[in-house]
Amino acid sequence: MSTPPEKTPDVPGPTGGYRNAPVSDPPYNGSSPSQLPPLPTLDGSLVVDFSLLAKAGGDASSAAATMDSAWQALSAVALFGAAPWGDDAALGQGFDQAFAQPRDDLLKAVQALPATLRNLADALGGVHSVLKNGDDTAKEIVGPSPSLGHGSV
């Protein structure tokens, strides 16, 4: 009985080394789902937590700035760094043929992300403003709330 052949990597050429070193995801300092307040029962009413809505806009704006920095660093390394796989032309050419398009797609996506996050932050700010103005206007129309006392009519 023969042993099955070893699975070969999908990557052309040898793998390993610093370019394949694992890295951890950057930390996210925003709210986790367990830190959010419980959602009210949905009965057709519109319930808005203005502080959370404002915070979401701020978080999106901060994320845009972070991604802008990430784009600068990533593009500097990917576009202006060393040739693929150092001085080995044969290995570098194989790498470039296999991974140039995914690299370019990644760069385009990361480059577009800051603007997308800024647009999201602007939209959240606009929603916050419209809803807050509507809430203030509704309170103004209704006037001061009467005291809800107990008693008979």
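Buried residues, defined as those under 20% relative accessible area with a 1.4 Å probe and protein chains only (exposed being over 50% and partly exposed in between), make up 12% of the 153 residues in the protein. The model is predicted, so that local features need pLDDT of at least 70 and side-chain atom pairs count only at pLDDT 80 or more, while totals for chains, interfaces and linings use all residues. Residues are numbered from 1 along each chain as its sequence is written, and side-chain values use heavy atoms, with hydrogens and water left out.

The accessible surface of the protein, computed by the Shrake-Rupley method with a 1.4 Å probe, comes to about 12200 Å². Carbon and sulfur atoms account for 61% of that surface. The protein contains two helices and zero strands; these are DSSP runs numbered from the N terminus, with helices (H or I) of at least four residues and strands (E) of at least two. Contact is taken as heavy atoms within 4.5 Å. Of the contacts between residues at least 6 apart in sequence, 82% join residues at least 24 apart.

Helix H1 covers residues 50-80, 31 residues in total. Its span from first C-alpha to last is 44 Å, close to the 45 Å expected at 1.5 Å a residue, where the expected value is 1.5 Å times one less than the number of residues. The buried positions in H1 are Phe50, Leu53, Gly57, Ala60, Ala64, Trp71 and Ser75. These buried residues pack against helix H2 (89-142).

At Phe50, the charged end of Lys132 sits over the ring, 5.1 Å from its centre. The criterion is NZ of Lys or CZ of Arg within 6 Å of the ring centre and within 35 degrees of the ring normal.

Trp71, also in H1, counts as buried because its relative accessibility is 14%. Apart from neighbours within four places in sequence, Trp71 is in contact with Leu107, Val110 and Gln111. The C-alpha atoms of Trp71 and Ala112 are 9.1 Å apart, although the two residues are separated by 41 residues in sequence.

A polar atom of the Ser75 side chain lies 3.2 Å from the backbone oxygen of Gln72. Beyond neighbours within four places in sequence, Ser75 is in contact with Phe80 and Leu107.

Key. Polar contact = N/O pair within 3.5 Å; in protein donor to acceptor, adjacent residues only side chain to side chain.
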